[in-house]
Amino acid sequence: MSSQIQDDVQLAKSPSLGDLFIQFLIIGAVSFGGGIIAYERILLVEKRKWLSEDEFMAYLAISQTMPGLNSVNLAVLAGDHLRGALGAITATLGLIFPGSLLVLGFGMIYASASDHPSINFILAGIAAAATGLLVAITYKIGDTHWRHVKSLAIIVCTFILMSIFKLALPYVILIMAPISIYLYRPGQTQ
Amino acid sequence: MSLLIHLAWTFALLSVLAVGGGTAVLPEMQTILAHQFGIDHTQFVHIYSVGQLAPGPNMLMVLVIGYQIAGLIGAGVVLLSFFLPSSLMCFYMGRLWNRFGENPWRRSIQNALEPISIGLMSSGVYAVAKASVVSGITLALALVTLYLILRTKINPVLVILGSGGFGALLMAYLK
């Protein structure tokens, strides 16, 4: 990554922790309905030029490989890049703060009203739509994997172990990860 | 106290197992919460769904689960234990990365984990659908949502609110 330091765009100098917090707080507050990675890219690469395009892609790849939510991982990595460990904490807190407050508000209403029959009709409608949304997201993220035999075989085996055989998640990963890594070892084609 | 430790351990484990994002651990979370914490499937799906209305990372709804189980302290414990372990791993991996740079195995591992994560997401879809698609009407609402999200640019939050509004209308009609 050191070769990218002198990119053709002059990268902006490190922001203050306060600025970092506010910028990620804005993303955490406006990203209704998902697309949070896109907001992060706009902030980091376009609006403030805190990262070069190459740095952003490298961090996104790490975020996707490591466990955890991609958007949170990306905030951790970008924050660390800009301001070290404190920057990582600041960016992450900014990102999750607005949504956490809102979700807790929902939670308190839910805890006090979930027995009410009329609320249940609304919740049933919301849950049905959230399921449709989840199918759409899974379909989109799967992208070309649905058409490759090797990927599809791994998807199906994982699903069967998890949903049909009902194995616990650690076992599913312990079984599938070595098989999949072997199939995708360096030098193999997609 | 032992409840909080149990809660912390459960969500910390889910955190490090969340390959490819939070949706991958939905079925496991649903099962554990039903068996060990008394959150039934319907409650779980309600909480998950309402959580989709909030901005920010899409798994913040774990806070509501913590709140349901052990109040505000529970929400705090779940927030820390679900977000801290994976974030720490990513933090150190990022630093190692800057030191060692590109390696053919990294690409391989990412390629290998992607289909596993999609398989786990499919299990997540299945788990959520079993608890939410329970009638002709809910099936229709799920399919309309799927269509709107794949084919139009309407913000998903509006579609979800619309579907909830339809549920409310139905209630008024049935009264």
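User: What share of the 190 residues in chain A is buried?

Analyst: A residue is buried if 20 or more other C-beta atoms, placed from the backbone, lie within 10 Å of its own. In chain A, 45% of the 190 residues are buried. This is a predicted model: local features need pLDDT of at least 70, side-chain atom pairs need 80 or more, and totals for chains, interfaces and linings use all residues. Residues are numbered from 1 along each chain as written, and chains are lettered from A in written order.

User: What is the radius of gyration of chain A, against a compact globule?

Analyst: The radius is taken over C-alpha atoms, and the globule rule is 2.2 Å times the number of residues to the power 0.38. For 190 residues a compact globule would be near 16 Å; chain A has 20 Å. Its C-alpha box is roughly 55 × 50 × 25 Å along the principal axes.

User: How many helices and strands are there in chain A?

Analyst: Both are DSSP runs, numbered from the N terminus: helices are H or I, at least four residues; strands are E, at least two. Chain A has 7 helices and 0 strands.

User: Why does the span of helix α7 of chain A agree with its 15 residues?

Analyst: The expected span is 1.5 Å times one less than the number of residues. For α7 (residues 169–183) that gives 21 Å, and the end C-alpha atoms are 21 Å apart, so the two agree.

User: Where does α7(A) bend?

Analyst: A bend is the angle between axes fitted to the seven residues ending at a residue and the seven starting there. α7(A) bends by about 25° at A:M176, and the proline A:P178 follows within four residues. A:M176 is also one of the buried residues of α7(A).

Conventions: A residue is buried if 20 or more other C-beta atoms lie within 10 Å of its own, exposed if 12 or fewer, and partly exposed in between; C-beta atoms are placed from the backbone.
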